[in-house]
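This report describes the sheets, helices and selected residues of one protein model. The sequence and coordinates are shown below.

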Amino acid sequence: AADFAPAVVYDTAGKFDKSFNEAVFRNGAEKFAADKGVRVREFEPQNEEQREQGLRRLASRGQSPIVAVGFNYASSVTKVAAEFPDVQFVIIDSVVDLPNVQSIVFSEHEGSFLVGALAAMASETGKVGFVGGMDIPLISKFGCGYEQGVKYQNPNAEVFQNMTGSTPAAFNDPARGSELAKSQIAKGADVLFAAAGGTGIGVYQAAKDEGIYAIGVDSNQNFLQPGTMLTSMVKRVGVAAYGSWEEAQAGTWEGGVKVLGLAEGGVDYALDQYNEDLISDEMKSRVNDIKQMIIDGEISVHDYSSDMSCNY
């Protein structure tokens with residue numbers, strides 16, 4: 001145990017973003033330290049240049065495996081992992097094809113389909129919205145899965161979609177999130193799903209102010225605005241990081257690609273004390289049936305990133 005030196009590098013949104021990075025901190029680094037008595041060394045870059053510096057510094061100190069949180073690390077991991085072939089690297093949400101890199105990707109479209117179906121069940125106007133963070137295929141994968149779930153439940157529903165921006169700053173702009181949310185609410189949307197990191201905080205606040213529902217992302221965000229948050233599309237990034245460190249400690253760690261979907265427990269919708277009154281037994285039964293049909297292959301959810309389109 002003394003020789004085992006795991007590490008994590010968060011993205012620029014920071015480990016307390018109440019979303020993606022925080023899920024890796026709470027359910028990954030913090031939990032691993034508590035369970036195993038092994039400290040996970042952490043690095044939080046203040047800007048984009050520090051991503052590569054942080055990785056290199058940890059690698060040169062012999063930390064391994066180093067979990068890089070988010071697709072923004074793809075080029076840095078590619079570079080640094082090639083320089084340190086004996087160090088194990090893990091990247092979440094991107095694929096780096098090197099023998100000492102484990103790439104963990106998720107079937108976000110499957111989890112988004114579930115919350116889309118729930119949105120359609122809860123909507124009274126038949127109009128729902130999606131606010132994405134950075135305009136990239138990964139976020140379109142959430143939006144497209146959501147749209148499919150909405151239309152599966154209600155073929156006549158309308159889905160409004162907006163992206164926040166074209167740089168990583170789009171994941172940390174609550175004011176813009178609030179603005180986009182209000183424009184969708186003005187068009188009649190009464191359930192809004194945000195896949196936008198810290199920007200989502202503004203979406204949820206707008207939803208609360210206007211008395212409509214919102215859906216959280218990555219972490220279980222139901223507690224942020226109880227009564228407003230219909231559910232959250234949880235993406236178990238912390239569990240994935242934890243699993244990778246555990247494999248390395250046990251000597252079973254392998255490079256390559258891991259895909260975590262509904263069947264693997266990588267994505268799901270969240271049900272807890274904060275939203276149990278909002279999801280009726282009928283809704284729960286319906287969404288669980290849909291979930292099983294996706295796992296069994298009876299419902300095929302189109303993955304936007306497979307052909308860069310949302311044709312389904």
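## Basis and terms

Two strands are taken to pair if DSSP finds at least two bridges between them. Helices (H or I, at least four residues) and strands (E, at least two) are DSSP runs, numbered from the N terminus.

The model is predicted: local features need pLDDT of at least 70 and side-chain atom pairs count only at pLDDT 80 or more, while totals for chains, interfaces and linings use all residues. Residues are numbered from 1 along each chain as its sequence is written, and side-chain values use heavy atoms, with hydrogens and water left out.

## The mixed sheet

Strand S8 (residues 191-195) and strand S9 (residues 213-218) run parallel and are joined by three bridges. Within this pair, leucine 192 stands opposite alanine 214 of S9. Both strands belong to an open sheet of six, ordered S7-S6-S8-S9-S10-S12, in which the pairing is mixed. Because S7 and strand S12 (267-269) each have a single partner strand, one side of each is left without a neighbour in the sheet. Neighbouring strands here are turned by 15° against each other on average, direction ignored.

Strand S6 (residues 127-134) pairs in the parallel sense with strand S7 (residues 158-165) over seven bridges, and methionine 134 has glycine 165 in S7 as its bridge partner. Seven of the eight residues of S6 are buried, so this strand is largely enclosed by the rest of the structure. Buried denotes under 20% relative accessible area, exposed over 50%, and partly exposed the range in between (1.4 Å probe, protein chains only).

Helix H5 lies across S6, S7, S8, S9 and strand S10 (229-235), and runs at about 170° to S6. For such angles, axes are lines fitted to C-alpha atoms, for helices over the stretch in contact, and the angles run from 0 to 180 degrees between N-to-C directions. Serine 140 is placed in H5, which spans residues 137-153. Serine 140 is buried, with a relative accessible area of 11%. Its contacts (heavy atoms within 4.5 Å), leaving aside neighbours within four places in sequence, are Asp135, Met163 and Tyr304.

Valine 115 is located in helix H4 (residues 108-122) and is buried at a relative accessible area of 0%. Not counting residues up to four places away in sequence, valine 115 touches Tyr146, Phe193, Ile215, Thr231, Ser232, Met233 and Tyr269. Between valine 115 and aspartate 268 the C-alpha to C-alpha distance is 8.6 Å, although 153 residues separate them in sequence.

## The parallel sheet

A further open sheet has six strands in the order S2-S1-S3-S4-S5-S11, with parallel pairing. Its edge strands are strand S2 (41-43) and S11, each of which pairs on one side only. The twist from one strand to the next averages 20°. Helix H8 (residues 237-250) packs on this sheet and touches strand S1 (7-9), S3, S4, strand S5 (101-106) and S11; the direction of H8 makes about 155° with that of S5.

Strand S3 (residues 66-69) and strand S4 (residues 89-92) pair in the parallel sense over four bridges. There, valine 69 has isoleucine 92 of S4 as its bridge partner.

## An exposed valine

Valine 257 lies in strand S11 (residues 256-260) and counts as exposed, at 52% relative accessibility.
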